Protein chains: 2
Amino acid sequence: MHNPVIDILNDVYEQCRPDTAGAVADYIPELSRVDPDSFGICLATTDGFVYEIGNVGTEFTIQSISKPFTYGLALADRGVAAVAARIDVEPSGEPFNEISLDPDTERPRNPMINAGAIAAAGLVVGDSAEHRFERVRQCYSRYAGRQLAVDEAVYSSEAVTGHRNRAIGHMLRSFGVVDDADAAVDLYFRQCSLIVTGRDLAAMAVTLANNGRHPLTGELALAPELVERVLSVMTTCGMYDAAGAWVTSVGLPAKSGVGGGVLAVLPGQLGIAVHSPRLDEHGNSVRGVQACGELSRRLELHFLHVPRAARSSIRSSYTVVDAPSRQRRSPAEVEVLQRYGNRARTYDLHGDLLFAGAETAVRAISAQAGELDVVVVNATRVDEVSTVAVDLFAALSRELTRLGRRSALVDPDGAFGDTGRGDTMLGDTASFDESAPAGERPVFVSADAAARWCEEILLDRYCADGRTPASVTLAQHPLVQAIPAAHRAGFVAEFELRSAAADDVLVRRGDRRAGLVLILQGKVGLTLPTDAGAGYPMTTLPAGTSFGELALLTDGAAFGDVRAETEVRLAVLPADRFELIAAATPAVALALVRRLAVDAQEQLEVTVRAAGVRAGGVTVTGRSASERTGPATTATEGAP
Amino acid sequence: MHNPVIDILNDVYEQCRPDTAGAVADYIPELSRVDPDSFGICLATTDGFVYEIGNVGTEFTIQSISKPFTYGLALADRGVAAVAARIDVEPSGEPFNEISLDPDTERPRNPMINAGAIAAAGLVVGDSAEHRFERVRQCYSRYAGRQLAVDEAVYSSEAVTGHRNRAIGHMLRSFGVVDDADAAVDLYFRQCSLIVTGRDLAAMAVTLANNGRHPLTGELALAPELVERVLSVMTTCGMYDAAGAWVTSVGLPAKSGVGGGVLAVLPGQLGIAVHSPRLDEHGNSVRGVQACGELSRRLELHFLHVPRAARSSIRSSYTVVDAPSRQRRSPAEVEVLQRYGNRARTYDLHGDLLFAGAETAVRAISAQAGELDVVVVNATRVDEVSTVAVDLFAALSRELTRLGRRSALVDPDGAFGDTGRGDTMLGDTASFDESAPAGERPVFVSADAAARWCEEILLDRYCADGRTPASVTLAQHPLVQAIPAAHRAGFVAEFELRSAAADDVLVRRGDRRAGLVLILQGKVGLTLPTDAGAGYPMTTLPAGTSFGELALLTDGAAFGDVRAETEVRLAVLPADRFELIAAATPAVALALVRRLAVDAQEQLEVTVRAAGVRAGGVTVTGRSASERTGPATTATEGAP
């Protein structure tokens with residue numbers, strides 16, 4: 001199917017093609033032998049896709065576009081400080097081939113003029129001239145993603161005629177910037193004679209955009225911390241003495257060469273290469289400059305362009321009243337959580353967490369923390385987390401601890417890279433240690449697990465009447481209480497008592513004969529199988545609740561897997577006995593079903609509300625307890 | 001509560017404070033009277049929050065920091081081309097006060113050296129000297145968010161001693177760059193004498209970061225399209241002849257002044273101001289340069305720094321098999337959608353849609369389009385959409401149409417700014433025109449509405465046996481069919497027939513006596529009230545389904561609002577009659593409940609799967625039809 005980016009590239013190509021101004025470099029005959037009308041544009045993305053139009057396979061010598069790559073190699077070989085001691089990073093305001101150093105520093109002004117480039121070549125490490133050049137060639141080849149070769153004719157011609165560069169080499173030697181003038185100049189001639197195509201340059205550009213790593217081969221051509229420095233120098237010095245106009249109208253770190261190539265980089269996004277041999281008065285490709293400007297304008301690539309100001313990285317926030325966990329709670333617990341649940345708040349973050357977004361989020365959370373007992377930062381939807389964002393949130397957590405608050409992180413992808421994560425990472429359905437020391441920031445894999453942790457903290461703190469009883473007798477179970485008194489004893493007699501150990505699977509999805517199961521002690525987790533293999537957690541059920549009712553009523557198969565989260569005691573009404581009861585005393589079965597419907601309605605309400613809040617920030621209005629269930633059914637909740 | 005950013009600012013402050021190198025400017029006595037040890041740092045965010053430490057309220061004259069602001073005013077007054085004809089944008093490599101023009105262009109090299117700044121002042125429009133200066137002062141005051149005033153002593157002193165600038169003025173006059181040398185130079189002296197504090201400079205910086213708009217006053221100080229040009233010139237020329245080192249080590253567009261101020265801008269994110277009067281050999285504040293470098297390093301502010309390469313903006317994608325709409329479907333329709341639902345795919349986008357992210361998404365969708373009939377682009381979670389992204393997705397849509405595919409957009413916030421949006425915008429529960437012309441790209445407010453539209457297209461295309469009958473008789477209704485044959489006639493007799501017009505509210509949330517309602521004709525929508533007022537849509541029910549069962553069984557109140565989406569015919573079993581049936585013939589009530597349970601289980605399954613897919617990309621494994629319901633219940637689905 002047709003890709004619209006091709007149309008844009010095509011437009012730009014057709015727009016620039018008629019411009020035949022400028023002249024091909026002819027200071028050596030080999031350079032003047034190219035087709036002056038050759039024109040190609042390549043755009044490569046950081047996932048390795050390449051858009052191209054025109055003569056993108058035409059070979060030419062890399063010339064000055066080599067300069068940032070050798071500079072990067074010198075930085076890697078010698079370190080930033082050692083290189084900075086010999087080569088400055090200031091725009092020169094002079095022609096690229098000036099035989100002069102900065103009078104104050106006695107250094108070449110920058111590595112993009114010939115003096116700086118020869119100095120950089122002199123800093124490449126190696127045992128011999130051959131070894132040093134082979135290292136340069138291998139380095140460029142890593143950027144290009146294929147083995148590059150030298151145009152020996154161009155090299156010979158440059159070596160024979162390059163007196164000006166030899167003069168620069170000896171000047172550098174006389175000021176102690178290079179140790180061996182001939183070796184440095186010769187290496188420079190050879191690197192300039194490496195043969196590339198537009199496709200190669202686009203690959204080299206996008207490797208810089210991709211933090212130094214070739215998108216397809218995965219090879220690291222330059223350490224990420226050095227990429228920023230190379231791109232900085234390209235920004236201020238890459239386009240000879242037209243850097244200001246370039247930054248203003250194109251706004252991309254770039255480098256041009258007299259071979260007619262222009263290479264431009266939008267960090268993190270893409271690499272552009274244009275080849276067209278006719279040069280302007282600065283030595284830049286006429287159509288190269290024009291095409292880059294058009295692409296920047298049409299694709300909005302200027303590095304100072306921002307479509308809008310950064311916003312807070314908080315997508316939404318909600319309390320455990322708005323979005324309770326899937327853990328079922330007793331009425332007493334539900335009441336406590338309704339009352340105090342607004343003291344536990346989850347903040348959903350999104351987007352890239354750079355400084356500005358992280359700062360605004362931390363500030364917003366800090367402003368609300370006075371009214372909270374528990375703060376959960378949910379990083380599930382975060383893309384990339386900068387180091388400073390990690391630090392800011394860690395500091396927030398420490399400050400919350402200092403003020404007696406608890407805080408936790410939801411970070412299923414490990415974006416915050418917490419150490420000790422292995423210890424504190426909690427499976428959604430796994431039981432967890434509620435006695436974790438107050439100073440720690442536990443990390444959860446889901447917002448639901450964190451909500452459950454919040455609820456436990458609030459219940460421990462505010463549940464004056466004590467927590468849900470760990471166990472009920474069969475006679476006390478609310479479902480049994482819902483049966484008309486006259487039938488109750490006979491109903492109870494139909495049940496079978498069972499117990500199971502933690503992690504035992506009680507029912508497998510698809511089971512048809514699981515029956516109705518009442519939980520008398522312990523906790524049970526329901527999960528749905530997913531394509532990914534791991535269970536999608538539905539709910540956790542405590543003592544006093546039940547499962548299996550829908551399969552029982554529909555005579556269908558179990559909907560999901562049921563697993564004991566702790567040691568459990570259960571009472572099971574086998575499916576066939578339910579059928580006997582339904583046939584013999586339909587009133588008993590109906591009473592049972594009506595009690596189950598009350599449960600179902602409450603669960604539906606909680607589920608819908610939590611889903612609305614977590615998915616779209618929609619807060620569904622809560623209903624009062626009397627709205628939720630009528631008088632007839634609340635009567636069944638009385639004590640035995 | 002303590003904010004961790006303050007700690008970082010404090011660290012940087014303490015780290016730079018001991019450095020007392022450099023000398024206060026003393027070319028006029030007024031400048032030398034400042035406290036050389038005064039030191040303040042301010043950091044302002046694009047939402048108007050200001051972090052500050054040290055002497056941020058100390059007043060000083062703005063001096064050369066005025067240059068970008070007057071340049072911006074000249075651009076606004078005269079247009080980019082007219083200004084470019086008189087002032088270039090190239091780094092000069094010369095001292096800021098050089099009395100020279102570029103020999104080739106006969107223009108000042110850039111607006112950040114004195115020659116260029118005086119030329120810019122000469123371009124400010126106004127009726128008189130007073131008027132022109134008042135316009136400059138008002139302009140700066142808009143950036144600062146408060147009225148700024150002139151230090152008359154500094155102004156007088158500059159005016160008396162500024163021979164070098166007068167020389168520049170007359171040189172500019174002689175080359176025709178300014179029309180009135182004295183007026184331009186005098187305006188320049190006055191603008192340099194405006195009094196600011198560190199807080200003011202931070203506000204001015206963040207106004208540039210905020211695309212020209214002051215974050216708190218909301219006033220536009222500079223048109224967004226000019227902000228990029230001003231920041232570009234600051235990048236290459238803002239720090240005198242230390243621009244290269246500045247870009248390399250700080251990487252922020254910036255401007256310094258001999259008053260000791262430094263202002264730096266991270267576009268879209270923040271503004272920084274530092275004031276410390278001792279200057280280095282370039283004329284930049286020693287501690288200002290140092291503090292900006294430290295802040296950039298610690299807060300990761302370098303404009304070429306990217307934490308990682310751009311990724312596709314597709315967060316997840318799913319078909320209508322994975323995530324069906326909430327519209328209930330007949331078994332025949334469900335089967336068609338199971339079979340052909342993978343021909344309608346929704347792509348959830350997220351993050352900022354700049355070129356690279358949009359390109360990757362469009363490419364991925366294009367690659368899959370061959371296997372699809374319908375493509376939905378869901379922009380619900382998108383933050384900002386660049387113009388080029390809008391164009392790329394519009395082109396994708398046109399290409400899909402050309403290939404006979406349908407496409408739609410989910411864009412509740414209007415991020416794509418579709419024209420004709422008012423016409424095609426569809427409420428989630430509103431009925432919609434299924435005959436929309438194929439060339440249009442309808443825009444939906446929710447993924448569910450779009451999924452429903454996809455299903456309608458697939459059903460129209462692949463449902464050989466025809467669509468769900470628009471109506472059923474009461475006797476044909478599946479719930480009635482579920483009642484044992486012997487009791488059926490008596491059961492039917494208990495119902496009351498009703499009809500209602502489109503948009504009629506049938507049941508209000510909280511109603512206790514709605515009864516069980518069977519839909520015989522038309523469509524009915526269920527919504528939950530939300531805090532925001534608008535209903536949160538639960539589901540749409542066609543003929544052959546029912547509602548009110550849960551409230552009936554629990555004797556509770558209705559869970560949500562129920563509204564007729566079309567003209568409807570209904571059969572209502574009042575709640576009190578249900579109670580009579582339950583008491584007299586519990587077997588009938590139980591049969592009814594079991595049939596409802598089958599429905600409930602199917603709905604639960606669909607809901608859980610759709611929620612899992614849409615929220616987290618979890619695909620819950622589907623079950624076969626026989627797994628979903630057992631033989632006992634499927635028998636009730638036979639024809640009457």
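Predicted model: local features only at pLDDT ≥ 70, side-chain atom pairs only at ≥ 80, totals over all residues.
How many aromatic pairs does a search of the whole structure find over all chains? The search finds 18 of them.

**A ring pair between the chains**

A pair of aromatic rings is described by the distance of the centres and the angle of the planes. For A:Phe303 and B:Phe303 the ring centres are 4.9 Å apart and the planes meet at 25 degrees; planes under 30 degrees apart count as stacked, so this pair is stacked. The pair crosses between chains. A:Phe303 belongs to the loop between helix 13 (286–299) and strand 10 (314–319) of chain A, and B:Phe303 to the loop between helix 13 (286–299) and strand 10 (314–319) of chain B.

**Domains of chain A**

Chain A is divided into domain 1 (4–299), domain 2 (313–462) and domain 3 (478–627). Between domain 1 of chain A and domain 3 of chain A, the C-alpha centres are 70 Å apart.

| Helix pair | Angle | Axes |
|---|---|---|
| Helix 3 (residues 67–78) of chain B and helix 11 (residues 224–237) of chain B | about 140 degrees | 10 Å apart |
| Helix 3 of chain B and helix 6 (residues 129–144) of chain B | about 110 degrees | 10 Å apart |
| Helix 14 (residues 331–340) of chain B and helix 18 (residues 447–462) of chain B | roughly 100 degrees | within 10 Å |

Helix 3 of chain B packs against helix 11 of chain B at an angle of about 140 degrees, which makes helix 3 of chain B oblique to helix 11 of chain B. Their crossing is right-handed. On the side of helix 3 of chain B, the contact involves B:Pro68, B:Tyr71, B:Gly72, B:Leu75 and B:Ala76; these meet B:Leu226, B:Arg229, B:Val230, B:Val233 and B:Met234 in helix 11 of chain B. By class, the contact residues are eight nonpolar, one polar and one charged.

Helix 3 of chain B also packs against helix 6 of chain B, at about 110 degrees. An angle of 65 to 115 degrees counts as roughly perpendicular, and these two helices of chain B are therefore roughly perpendicular to each other. This crossing is right-handed. B:Phe69, B:Thr70, B:Leu73 and B:Asp77 of helix 3 of chain B make the contact with B:Arg135, B:Val136, B:Cys139, B:Tyr140 and B:Tyr143 of helix 6 of chain B. Six of the residues are nonpolar, one is polar and two are charged.

Helix 14 of chain B and helix 18 of chain B cross at roughly 100 degrees, which makes them roughly perpendicular. B:Glu333, B:Val336, B:Leu337 and B:Tyr340 of helix 14 of chain B are in contact with B:Glu455, B:Leu458, B:Leu459 and B:Tyr462 of helix 18 of chain B. This contact has six nonpolar, no polar and two charged residues.

**Positive phi values**

Most residues other than glycine have a negative phi. A:Asn211 has a positive phi, near 55 degrees, and sits in the loop between helix 10 (198–209) and helix 11 (224–237) of chain A. B:Asp503, also not a glycine, has a positive phi of about 80 degrees. B:Asp503 is placed in the loop between strand 15 (496–500) and strand 16 (505–507) of chain B.

Conventions: Residues numbered from 1 in each chain as written. Chains lettered and ligands numbered in written order. Heavy atoms only, no water. Axes fitted to C-alpha atoms, helices over the stretch in contact; angles between N-to-C directions. Helix = DSSP H or I, 4+ residues; strand = E, 2+ residues; numbered from the N terminus. Parallel < 35°, antiparallel > 145°, perpendicular 65-115°, else oblique. Left-handed = near helix turned anticlockwise from the far one by under 90°. Contact = heavy atoms within 4.5 Å. Nonpolar A, V, L, I, M, F, W, Y, C, P; charged D, E, K, R; others polar. Domains from an automatic or database assignment. Phe/Tyr/Trp six-rings, centres within 6.5 Å; stacked < 30°, edge-to-face > 60°.
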